[in-house]
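Trainee: I'm new to this one and would like a close look at a single part. Could you show it to me first?

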Amino acid sequence: MSESTFSPRQLETSAVLAVAETSDKLEMLEVSETNLTAFSGETATSFIMGALEAILMVASEPVTLPELAEAIGVSEIEISQALAKLQEQYETKSVYPRGAQIKEVAGGWRIYSHPRFADVVTKFVTAGQSNRLSIPALETLAVVAYRQPVTRAQVAAIRGVEVDSVMRTLQTRGLIQQVGTNPATGAGLYETTDYFLMKMGMKSLADLAPLAPYLPEDTDLSEVEKEIKQ
């Protein structure tokens with residue numbers, strides 16, 4: 001377990017910085033009121049739609065209207081109108097079947113791959129996968145198993161690294177599943193599946209080995225529990 005934990009905001013910031021460092025062509029655009037003053041009418045709406053698409057493309061959790069409005073610097077009404085137009089373009093005005101869709105889920109908005117291409121996406125994600133899980137995947141699976149239900153942000157805070165791709169791998173393998181959302185944040189909650197129990201040879205989660213024998217002798221279990229619940 002990492003000696004320090006990170007807030008979801010710190011994790012998001014780290015992810016943005018990592019992308020910026022690995023792409024020579026990436027330009028970080030700060031959207032503010034001054035950006036919008038150069039636009040008016042339909043042009044302003046088009047700018048907002050583009051900004052929304054860019055934000056939702058990198059969001060790991062649904063983004064609420066207030067969050068989108070604050071990020072772009074316009075009203076929530078303008079955001080709602082732009083989202084409606086963006087949805088319409090994705091669903092009905094495209095010249096080809098779009099591979100993604102914009103959906104309102106868990107009190108926020110996010111871009112998802114379109115169900116019509118589920119087979120293709122599954123084939124791509126699982127192509128070349130070995131039967132063995134990587135060490136990061138095993139560590140992530142252990143956190144979910146012992147802490148469930150848990151959000152991706154909580155798993156990332158416990159492990160001290162970004163876990164989105166690993167969580168997707170575990171979902172694709174059928175080892176974890178989303179079972180709802182956190183009432184306070186709207187973030188997805190994950191738990192292990194019956195398939196996980198089958199692969200582990202367990203009847204129930206009660207068969208999980210206790211953590212105590214694997215912790216240092218001077219470790220206070222109450223402190224460990226506090227850290228996990230942060």
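Predicted model: local features only at pLDDT ≥ 70, side-chain atom pairs only at ≥ 80, totals over all residues.

Which residue lies over the face of Y112, and at what distance from the ring centre?

Mentor: Residues are numbered from 1 along each chain as its sequence is written, and side-chain values use heavy atoms, with hydrogens and water left out.

Now, your ring: R110 lies over the face of Y112, 5.3 Å from the ring centre. To count, NZ of Lys or CZ of Arg must be within 6 Å of the ring centre and within 35 degrees of the ring normal. R98 does this too, sitting over the face of Y90 at 4.1 Å from the ring centre.

On to the helices (DSSP runs of H or I, at least four residues, numbered from the N terminus). Helix α4 (residues 65-72) and helix α5 (residues 76-91) have axes that come within 9 Å and cross at roughly 100°; axes are lines fitted to C-alpha atoms over the stretch in contact, with angles from 0 to 180 degrees between N-to-C directions. That makes α4 roughly perpendicular to α5 (65 to 115 degrees). From α4, the contact (heavy atoms within 4.5 Å) takes in L65, P66, L68, A69 and I72, and from α5 it uses E76, I79, S80 and L83.

Helix α7 (residues 135-147) packs with helix α8 (residues 152-159) at about 120°, axes 10 Å apart.

Terms used: Helix = DSSP H or I, 4+ residues; strand = E, 2+ residues; numbered from the N terminus. Parallel < 35°, antiparallel > 145°, perpendicular 65-115°, else oblique.
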